[in-house]
Amino acid sequence: MASSVCVVGAGVIGLTTATLLQDALPAGSSVTLVADKFTTDTTSDGAAGIYRPGKYFQGPSEQMTKQWLEVSYKHYKKILNSEDATEAGVRAVSGYLFSNKNPEICQSPLMKDIIDEYRECTQNELDLHGQKYGIFCNTLVVECRRMQPFLMDRFKRNCGVVRKQHVNSLEELADEGCFDLVCNCSGLGANVLANDRNVTPIRGQVFKVRAPWIKNFYYYENETYIIPGMDLITLGGTRQFDNDNLEVSTWDASGIWQSCVQVMPSLKDAEVVRQWVGLRPYRPSVRVEKELMDFGGGKTLKVVHNYGHGGYGVMSAPGSSMYAVSLICDFLQHHQYHRAKL
Ligand SMILES: Cc1cc2nc3c(=O)[nH]c(=O)nc-3n(C[C@H](O)[C@H](O)[C@H](O)COP(=O)(O)OP(=O)(O)OC[C@H]3O[C@@H](n4cnc5c(N)ncnc54)[C@H](O)[C@@H]3O)c2cc1C
């Protein structure tokens with residue numbers, strides 16, 4: 001039976017979920033995307049978008065986490081190998097994870113067996129970069145400045161409805177009485193919309209610079225990073241827990257600039273295009289879950305949550321969103337999608 005689903009949130013999670021849903025729902029169904037911020041106003045827009053899961057990235061279970069990561073990599077790899085790669089902002093990138101302190105800092109166990117190449121650095125590579133420990137790998141970058149318009153375009157072409165609106169509570173959407181289910185992809189907004197105190201901002205500040213001579217990505221001690229995108233390079237960064245200040249800090253900027261130029265002196269000639277601050281929607285584990293919200297007086301709303309991706313939402317969006325879509329289909333009893341995809 002056809003259904004009407006509302007997706008709240010137009011960041012990379014909401015857009016990925018909305019487009020996957022359009023493919024999954026039976027003919028005649030409708031998907032409405034509601035958000036108060038779009039494209040360059042979202043957190044997703046400024047993310048470097050590298051596929052490099054941190055050690056603490058966590059879905060609902062260990063197995064599910066690995067599954068999401070595998071599915072996401074395959075999904076983006078497919079785009080990379082298609083004619084859409086440039087428009088969608090997906091590119092291959094190789095580079096280094098370095099440390100002078102501890103070999104563990106450079107390890108990335110969650111992507112080790114997924115990406116195309118992951119190996120210890122040779123002594124030559126370490127000497128060249130003045131580092132003690134290092135990993136070399138081939139991975140992907142997904143730039144949301146391109147990916148989000150790409151997904152939005154696809155969503156609209158498939159007759160998706162877009163509404164700019166601040167949602168004060170999910171009850172408002174229940175009151176409209178026209179949605180069979182709401183998918184909550186509101187990132188940090190879930191703090192209020194799902195009344196979830198586990199959702200916390202982790203503030204990140206970066207430079208976006210033009211330095212076309214830099215071809216590889218570099219992480220130093222997991223703190224200083226240089227990540228090439230489609231046109232610009234992201235220099236970072238900061239990870240400030242429970243800090244929601246969206247202003248660019250000159251103090252942070254000077255620390256980031258000095259660290260990056262110290263490890264890569266040629267960056268002193270880079271053209272600074274902009275500085276940016278974003279708030280990573282952190283949760284100890286990403287929440288993708290069904291909930292039957294009960295507002296009293298017999299008023300209920302079927303909700304599937306998909307939020308709390310912290311610093312890894314771009315790279316994990318396809319996997320977590322496919323799982324969310326399978327829960328949505330289950331909740332709406334469209335079982336045909338459920339097992340077929342995951
Ligand atoms: C400096 C920095 C670097 C990063 N680098 C990477 C990286 O290299 N790789 C990676 O994978 N990830 C990275 N991230 C993390 C990534 O940006 C996030 O995980 C991702 O953007 C989360 O996407 P989202 O769609 O959940 O949230 P958002 O992009 O914040 O979107 C949330 C959406 O919900 C809407 N919304 C919220 N509340 C309401 C409401 N009440 N009413 C209506 N609409 C609402 C907003 O308007 C918005 O449209 C980085 C983040 C930062 C800050």
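How do the axes of helix α1 and helix α11 cross, and within what distance do they come? In this predicted model, the two axes come within 8 Å and cross at roughly 40°. Helix α1 covers residues 12-24, and helix α11 covers residues 313-331. An angle of 65 to 115 degrees would count as roughly perpendicular and one under 35 degrees as roughly parallel; α1 and α11 are therefore oblique to each other. Their crossing is right-handed.

On the α1 side of this contact you'll find Val 12, Ile 13, Thr 16, Thr 17, Leu 20, Leu 21 and Ala 24. Across from them, α11 brings residues including Gly 313, Val 314, Ala 317, Pro 318, Met 322, Val 325, Ile 328 and Cys 329. Sorted by class, the contact of α1 with α11 has 12 nonpolar and 5 polar residues, with no charged ones.

**Two more helix pairs**

Two packed helices are described by the angle between their axes and the distance between the axes.

| Helix pair | Axes come within | Crossing angle | Handedness |
|---|---|---|---|
| α1 and α11 | 8 Å | roughly 40° | right-handed |
| α2 and α11 | 7 Å | roughly 110° | right-handed |
| α1 and α7 | 9 Å | roughly 30° | left-handed |

Take α2 and α11 next. Their axes cross at roughly 110°, and the two helices are therefore roughly perpendicular to each other. From α2, the residues in contact are Met 64, Trp 68, Leu 69, Val 71, Ser 72, His 75 and Tyr 76. They meet a run of α11 residues, among them Val 314, Met 315, Ser 316, Ala 317, Pro 318, Gly 319 and Tyr 323. This contact of α2 with α11 splits into 11 nonpolar and 5 polar residues, again with no charged ones.

The axes of α1 and α7 cross at roughly 30°, which makes α1 roughly parallel to α7. The α1 residues here are Val 12, Leu 15, Thr 16, Ala 18, Thr 19, Gln 22 and Asp 23. Their partners in α7 are Cys 144, Gln 148, Leu 151, Met 152, Arg 154 and Phe 155. By class, the contact of α1 with α7 has 7 nonpolar, 4 polar and 2 charged residues.

**The annotated positions**

Which residues does UniProt list under "binding site"? An unreviewed entry names Thr 43, Ser 44 and Val 167.

Ser 44 sits in the loop between β2 (30-35) and α2 (62-80). Is Ser 44 buried or exposed? Its relative accessible area is 12%, so Ser 44 is buried. Leaving out residues up to four places away in sequence, Ser 44 touches Gly 11, Val 12, Cys 144 and Gln 148.

Val 167 is in another loop, the one between β6 (161-164) and α8 (170-176). With 8% relative accessibility, Val 167 counts as buried too. Beyond residues up to four places away in sequence, Val 167 touches Val 8, Val 34, Glu 172, Leu 173 and Leu 193.

Back in helix α2 there is Thr 65. Thr 65 is buried as well, at 3% relative accessibility. Residues up to four places away in sequence aside, Thr 65 touches Phe 57, Gln 58 and Gly 59.

Most residues other than glycine have a negative phi, and most peptide bonds are trans. A few spots here go the other way.

Cys 159, in the loop between α7 (144-157) and β6, has a positive phi near 70°. At 64% relative accessibility, Cys 159 counts as exposed.

Asn 222 also has a positive phi, about 70°, although it is not a glycine. You'll find Asn 222 in the loop between β9 (217-220) and β10 (224-228), and its relative accessible area of 25% makes Asn 222 partly exposed.

Which peptide bond is cis, with omega near 0°? The bond from Gly 236 to Gly 237 is. Gly 237 belongs to the loop between β11 (233-236) and β12 (240-241).

Notes:
Residues are numbered from 1 along each chain as its sequence is written. This is a predicted model: local features need pLDDT of at least 70, side-chain atom pairs count only at pLDDT 80 or more; totals for chains, interfaces and linings use all residues. Side-chain values use heavy atoms; hydrogens and water are left out. Axes are lines fitted to C-alpha atoms, for helices over the stretch in contact, and angles run from 0 to 180 degrees between N-to-C directions. Helices (H or I, at least four residues) and strands (E, at least two) are DSSP runs, numbered from the N terminus. Angles under 35 degrees count as roughly parallel, over 145 as roughly antiparallel, 65 to 115 as roughly perpendicular and the rest as oblique. A crossing is left-handed if the near helix is turned anticlockwise from the far one by less than a right angle, and right-handed if clockwise. Contact means heavy atoms within 4.5 Å. Ala, Val, Leu, Ile, Met, Phe, Trp, Tyr, Cys and Pro count as nonpolar, Asp, Glu, Lys and Arg as charged, and the others, Gly among them, as polar. UniProt positions are given in the numbering used here, feature names are shortened, and annotations may be inferred rather than shown by experiment. Buried means under 20% relative accessible area, exposed over 50%, partly exposed in between (1.4 Å probe, protein chains only).
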